[in-house]
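The sequence and model come first, and the entries follow.

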Amino acid sequence: MAVTDVDVFAHLTDTDIESLAVELDAIRQDIEDSRGERDARYIHRSIAAQRALEVTGRVLLAASSRRSGWWAGVASLSVAKIVENMELGHNIMHGQWDWMNDPEIHSSTWEWDMSGASKHWRYTHNFVHHKYTNILGMDDDVGYGLLRVTRDDRWKRFNIFNLLYNAMLALLFEWGVGLQHVEIGKIVKKRMDHDEARQKIDEFLAKAGRQVFKDYVAFPALSALSPGATFMSTLKANAVANVIRNVWANAVIFCGHFPDGAEKFTKTDMIGETKGQWYLRQMLGSANFNAGPAMRFMSGNLCHQIEHHLYPDLPSNRLAEISVRVREVCDKYDLPYTTGPFLVQYAKTWRTIAKLSLPDRYLTDTADDAPETRSERMFAGLELGVDPATGRRRGLKTAIAAVRQRRRDKRARARDNDLAA
């Protein structure tokens with residue numbers, strides 16, 4: 001099932017892992033030492049661009065009575081909401097710009113354009129998810145308590161609707177994120193203190209209420225004052241823009257956490273976890289997708305999810321250069337660097353969600369060697385040792401390739417036997 005011993009799974013010694021931590025720490029130190037005016041200029045320009053897009057969208061929606069003007073307004077507003085969510089809200093609240101000591105661009109003061117309270121998100125995401133990344137029973141982002149994304153979760157009847165749940169989650173993603181901290185399941189099962197539950201609910205309702213009023217009352221009412229728009233036209237535009245933002249955010253986040261190669265871990269991996277092992281878990285539990293400058297910006301630079309998980313509080317605009325050095329580290333220690341085209345990575349997440357909607361008896365891969373669920377047990381009987389040609393000890397990437405070759409050879413022998421029979 002999930003990885004129970006990350007050292008064994010990665011085929012690294014304690015010395016290797018200590019050395020890996022030193023090298024990754026050096027990357028962090030280099031970026032921290034070089035932060036400055038260029039980075040500050042980037043975030044200020046990003047904020048200015050986002051606000052210009054939002055104003056443009058609002059003006060187009062209010063001033064134009066044409067259908068083309070409405071769609072142009074929706075497009076501009078959608079991009080503005082995506083940028084605010086991905087490049088600004090997510091990254092600012094990670095503390096990536098706290099070093100500037102700007103009270104308006106600080107993790108403790110920024111409130112994003114989402115139904116969930118930033119205070120709640122900073123705990124469930126910054127602390128829980130990034131500390132316990134992909135540890136089953138600790139990280140609620142593994143399926144969000146709704147989806148079956150690993151065979152470690154026992155199949156239940158409601159999992160048959162995995163695809164439907166994921167579609168609903170994509171369309172309403174901001175509400176799923178907002179409600180995650182409320183922990184409705186614990187409240188229903190009376191596993192949470194009444195006062196704590198009341199506080200969480202009140203804080204969520206206060207933020208969600210302000211968000212609903214802004215998008216579905218205030219702005220539509222203002223637009224209705226213009227002869228070119230109506231209350232309902234702006235209300236619909238805001239709803240469409242929110243859905244577009246939700247679907248995009250869902251796709252980007254899922255591409256970073258659920259495609260093939262993003263490993264899951266058990267609680268035993270936490271016992272005595274060193275800094276090097278934490279780094280290793282972040283690298284193995286995340287995935288990237290290929291992106292150019294525009295896609296990087298629109299994804300909040302989360303196309304570099306591996307690097308973001310290694311350094312969640314370093315400026316997002318530096319992740320591309322960090323990725324070059326992280327990839328070199330992966331090559332040095334023979335570790336896989338999971339990445340691929342955006343649509344391919346996203347399709348893999350949907351394939352996993354579709355496949356795991358079925359009971360295990362209908363699945364062909366083993367529980368320890370499936371695209372979405374692997375463990376160190378997949379290497380049973382595999383002897384690698386040191387490469388005699390180079391003198392280099394072979395690691396995880398080579399081991400995975402060897403297992404796949406062993407599987408292909410087994411299938412080939414089975415075909416040959418069938419032909420011989």
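**Entry 1: Q305**

I looked up the neighbours of Q305 and found that, leaving aside residues up to four places away in sequence, Q305 touches G256, H257, S286, A287 and N288; contact means heavy atoms within 4.5 Å. Q305 lies in helix α13. Helices here are DSSP runs (H or I, at least four residues), as are strands (E, at least two), and they are numbered from the N terminus. Q305 is buried, at a relative accessible area of 2%. I use buried for under 20% relative accessible area, exposed for over 50% and partly exposed for what lies in between, with a 1.4 Å probe and protein chains only.

**Entry 2: basis of the notes**

I note that this is a predicted model, in which local features need pLDDT of at least 70 and side-chain atom pairs count only at pLDDT 80 or more, while totals for chains, interfaces and linings use all residues. Residues are numbered from 1 along each chain as its sequence is written, and side-chain values use heavy atoms, with hydrogens and water left out.

**Entry 3: helix α2**

I checked α2, residues 14–34, which has 21 residues and reaches 31 Å from its first C-alpha to its last, close to the 30 Å expected at 1.5 Å a residue. The expected span is 1.5 Å times one less than the number of residues. Which residues of α2 are buried? I recorded D16, I17, L20, A21, L24, I27, R28 and I31. They cover an arc of only 135 degrees around the axis, so they lie on the same side of α2; the arc is that of the directions from the helix axis to the C-beta atoms. The exposed residues D14, T15, E18, V22 and D33 are on the face turned away from the buried side. The cover over the buried residues of α2 includes α1 (6–10), α11 (275–284), α13 (305–310) and α14 (319–332).

**Entry 4: helix α15**

I then turned to α15, whose buried residues are F342, Q345, Y346, T349, T352, I353 and K355. These buried residues pack against α6 (162–171), α10 (231–257) and α12 (293–298).

**Entry 5: cysteines**

How many disulfides are there? I count zero, a disulfide being a pair of cysteine sulfur atoms within 2.5 Å. The sulfur of C303 is 11 Å from the closest cysteine sulfur, in C255, which is too far for a bond. For C330 the closest cysteine sulfur is in C303, 16 Å away and also too far. C303 is buried at 1% relative accessibility, and C330 is buried at 2%.
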